[in-house]
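Open the model in your viewer and keep the selection panel at hand. The tour goes from aromatic rings to a strand residue and then to a pocket.

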Amino acid sequence: MLASKKWDVLFIEENKSLFDSNTKTFNELFNKIDKVQDAEEALKLIESNHYNILICDLSEDFLDGIRLLKLIKHRKPKIALFALVTEKDSDKIFGVADQGIHVFELSPEQFDLALEEISRFNLYVEKVK
C-alpha cells in the first residue's frame, strides 16, 4: 500500500459545529468523504459502505459522541476512529485513547491541520498489545 493512498472518510459533525466541514482540505486529502449530522444516519452509512476512517466532531455533544464511537468500534473494529474536541473538553478525554479512539484537542482554526495529520495516518500498522 502506498503512503500516498487517499482514505475513504465518514465525518460526523455536530449541528452547531465549531469546525468548518466545507473546507476544501477534505477533498484535497481524502478520496471519498461522506458527512452526516445524525448518529442513526452514521450507523446506516457504516453498515452499507466501506470507510477507512471515521472522524467525529465532539465540539458540542461530547458524551453522546463517545458512546457512538464506542458502538462503531464494536461493530467495525478495523475503522480508524478520530474524535475532535475543543479545549473546553480537555478534562474529559482521559481514557478515550485507551479505547482505540484517537483524540485531537484543537481550536477551530486548527481543523485543517488536524485533517492533514489524519490523512497521513497509517492504517496498516499493527497495534502492539
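A residue counts as buried when its relative accessible area is under 20%. The model is predicted.

Select F30 to begin. F30 has 1% relative accessibility, so it is buried. The ring centres of F26 and F30 lie 6.1 Å apart with the planes at 45°, which makes the pair tilted. Now extend the selection to F11, F19 and F111: together with F26 and F30 they form one aromatic cluster. The whole structure holds seven aromatic pairs.

Next, select F82 and F104. Their ring centres are 6.0 Å apart and their planes stand at 40°, so this pair is tilted. The pair joins distant parts of the chain, with F82 in strand β4 and F104 in strand β5, 22 residues apart. F82 is buried at 3% relative accessibility, whereas F104 is partly exposed at 23%.

Move to I53 in strand β3. Is I53 buried or exposed? Its relative accessible area is 0%, so I53 is buried. Show its contacts beyond four places in sequence: among them are W7, F30, F82 and L123. For a distance check, pick L18, which is 35 residues from I53 in sequence and 20 Å away, C-alpha to C-alpha.

Last, display the second largest pocket, with a volume of about 240 Å³. Of its 14 lining residues, E14, Q37, A39, D61 and D64 are the closest to the centre. Strand β3 and helix α3 each give two or more residues to the lining, and α3 gives the most, with three. Colour the lining by type to see five nonpolar, three polar and six charged residues.

How values were computed: Residues are numbered from 1 along each chain as its sequence is written. This is a predicted model: local features need pLDDT of at least 70, side-chain atom pairs count only at pLDDT 80 or more; totals for chains, interfaces and linings use all residues. Side-chain values use heavy atoms; hydrogens and water are left out. On a 1 Å grid over the protein atoms alone, a cavity is a set of points where a 1.4 Å probe fits but cannot get out, and a pocket is an open set with protein on both sides within 12 Å along at least five of seven lines; lining residues have an atom within 4 Å of a point. Grid points are joined across faces, edges and corners, and a volume is the space filled by probe spheres set on the points. Helices (H or I, at least four residues) and strands (E, at least two) are DSSP runs, numbered from the N terminus. Ala, Val, Leu, Ile, Met, Phe, Trp, Tyr, Cys and Pro count as nonpolar, Asp, Glu, Lys and Arg as charged, and the others, Gly among them, as polar. Buried means under 20% relative accessible area, exposed over 50%, partly exposed in between (1.4 Å probe, protein chains only). Contact means heavy atoms within 4.5 Å. Rings of Phe, Tyr and Trp (its six-membered ring) pair if their centres lie within 6.5 Å; planes under 30 degrees apart count as stacked, over 60 as edge-to-face and the rest as tilted.
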